[in-house]
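Subject: Structure handover

Hi,

Here is the structure I promised to pass on. Have a look at it first, and then read on for what turned up.

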Amino acid sequence: MLEVAGLTYRNPLAFGACRVTHMNLLPHNDTLRTQLHNEVHARPSARIRLPAFILLVGVFNEGISREQECEHLQKLQPDLKLQDVQGNFVRMRLNDCTVKWERHTEFTRYSLVQPLPVGAGLGARDPELLSHLMLPEGWLSSIPGRTFSAIELVMLEGELDEPQHALDQARTWFGNHPVIASCMGSPAHSMVVTDFQLRDSGFERILVVAPKDTSKERAGRISQRLLELETYRLMALRGLPVAKLVSAQLGQAEKELADIIETLEHKGGNDQALLSRLVGLAAAVERLTAENAYRFSATAAYDKLVTERIAELRESPISGTQTIGDFMKRRLSPAMSTVASSAQRLASLSERISRASALLRTRVDIATEEQNRMLLEKLTKGQELQLRLQTTVEGLSIAAISYYVVSLLLYAGKAAKAAGLNVHPELLAGSLIPVVLWGV
């Protein structure tokens, strides 16, 4: 027997067998639960059948609304609705190709996956690919936004038993340009080759060679990592021109701060003028911080993503060429160090200005205290002089009052003598002087 909430069930399974609707199994959902749960599925990897041609175009979406991007996508799929692009990811399956739209914070990526054109395999020499695009004419050029990344990724079938032979074929495919290549995976399951060069068409090329038995899922993951790696690399480098511009302005600000501190050290200059200079300098540095803090932090975040994607490639070198990781370390790391250094200089300068402001405030406070002390001394001296003057006036007042009282007594004595009394007025007045003085 089973007793639950005062009810008795003879069959122990009876309670579990009760019909319960899905609505009352859990408390009410948090408003963000579904959105956060589905975030891991927001940008799924494509399933790519080899050989394949993948085209990616990345554009900055500043000032570009979702409505504009939706209208552009509707040229490919007219029944697409605005609500379909609210989730930042749309995959459209057309006749023989797939178009994917991804909107990020700063940029939007459009990617096309289609079969590889005939004659573009490993035996080809610098094959032309763009004329075989399965897109309406002018659709790429009319994408709303400004292009910052354009990549042609070709995934071919090939044997990797002899990586050097496959690399030689890849060099021919790139037109014998200097290339960067490595085997990916441990053990190696594919090879990636690129030259990181922009062609006249505005695209750069990446070539992947993988065995015939490569699954669609693995091919999709490989393409996603490589495309994200190059996209995030370019986004990370956006901080470099900003860092160079800020460095020049920081040099001027640091010199100005050094002049102010030198003036403070030698106790020269007018405090009000120094304070005005320091306030102006602090405002300029805060403006630089407000304008560029996001770019510097975004660069650090993108650089971290690049490092993670390189680690996910699990590269092994091929004799005679650099790996992508080595290339990035030599070419990207100095740029990232420059950006990090500028961000550190900006933060350090702000702190030094704060310390200089504290020194100047201390100097002003000391000067103010000295002025207050001198003012108090003057007030004290004035009070002493006033007290002396008051004492003198009071003494003169006593003498004057006493004189008038004694004069009245003298007249009173003269009147009494005139009345026939035996009184000496002068003697009477003189004898009463001490009494009058004491009374007054």
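Which residue in the turn between E8 and E9 has a positive phi? That is Gly185, with a phi of about 95 degrees, in a hairpin where 5 residues lie between the two strands.

Before the rest, some housekeeping. This is a predicted model, where local features need pLDDT of at least 70 and side-chain atom pairs count only at pLDDT 80 or more, while totals for chains, interfaces and linings use all residues. Residues are numbered from 1 along each chain as its sequence is written, and side-chain values use heavy atoms, with hydrogens and water left out. Helices (H or I, at least four residues) and strands (E, at least two) are DSSP runs numbered from the N terminus.

Back to E8, which covers residues 180–184. Strands count as paired if DSSP finds at least two bridges between them. E8 runs antiparallel to E9 (residues 190–194), with 5 bridges joining them, and Met184 sits opposite Ser190. E8 also pairs with E11 (residues 315–316), again in the antiparallel sense, over 2 bridges; there Met184 stands opposite Glu315. Of the 5 residues in E8, 5 are buried (under 20% relative accessible area with a 1.4 Å probe, protein chains only; exposed is over 50% and partly exposed is in between). Ile180, Ser182 and Met184 point one way, with Ala181 and Cys183 pointing the other.

These strands belong to an open sheet of 9 strands with mixed pairing, in the order E4-E5-E6-E3-E7-E10-E9-E8-E11. Its edges are E4 (89–93) and E11, each of which pairs on one side only. Elsewhere in the sheet, E3 (residues 52–60) and E7 run antiparallel and are joined by 9 bridges, with Leu55 partnered by Glu152 in E7. E7 spans residues 146–157 and includes Leu153, which is buried with a relative accessible area of 0%. From the C-alpha of Leu153 to that of Asp271 is 64 Å, and the two are 118 residues apart along the chain.

Now the helices. The axes of H5 (residues 239–265) and H6 (residues 271–313) come within 10 Å and cross at roughly 155 degrees. Axes here are lines fitted to C-alpha atoms, for helices over the stretch in contact, with angles from 0 to 180 degrees between N-to-C directions. H5 and H6 are therefore roughly antiparallel to each other (over 145 degrees; under 35 is roughly parallel, 65 to 115 roughly perpendicular and the rest oblique).

Last come the rings. Phe, Tyr and Trp rings (the six-membered one for Trp) pair if their centres lie within 6.5 Å; planes under 30 degrees apart are stacked, over 60 edge-to-face and the rest tilted. The count comes to 7 aromatic pairs. One of these is the stacked pair of Tyr232 and Tyr302, at 5.9 Å centre to centre and 25 degrees between the planes. Tyr232 is in H4 (residues 216–237) and Tyr302 in H6, so the pair ties together parts 70 residues apart in sequence. Both Tyr232 and Tyr302 are buried. The rings of Tyr403 and Tyr404 have centres 5.6 Å apart and planes at 70 degrees, so that pair is edge-to-face; Tyr403 and Tyr404 are both exposed. Ring pairs also link Phe60, Phe107 and Phe148 into a cluster.

Cheers
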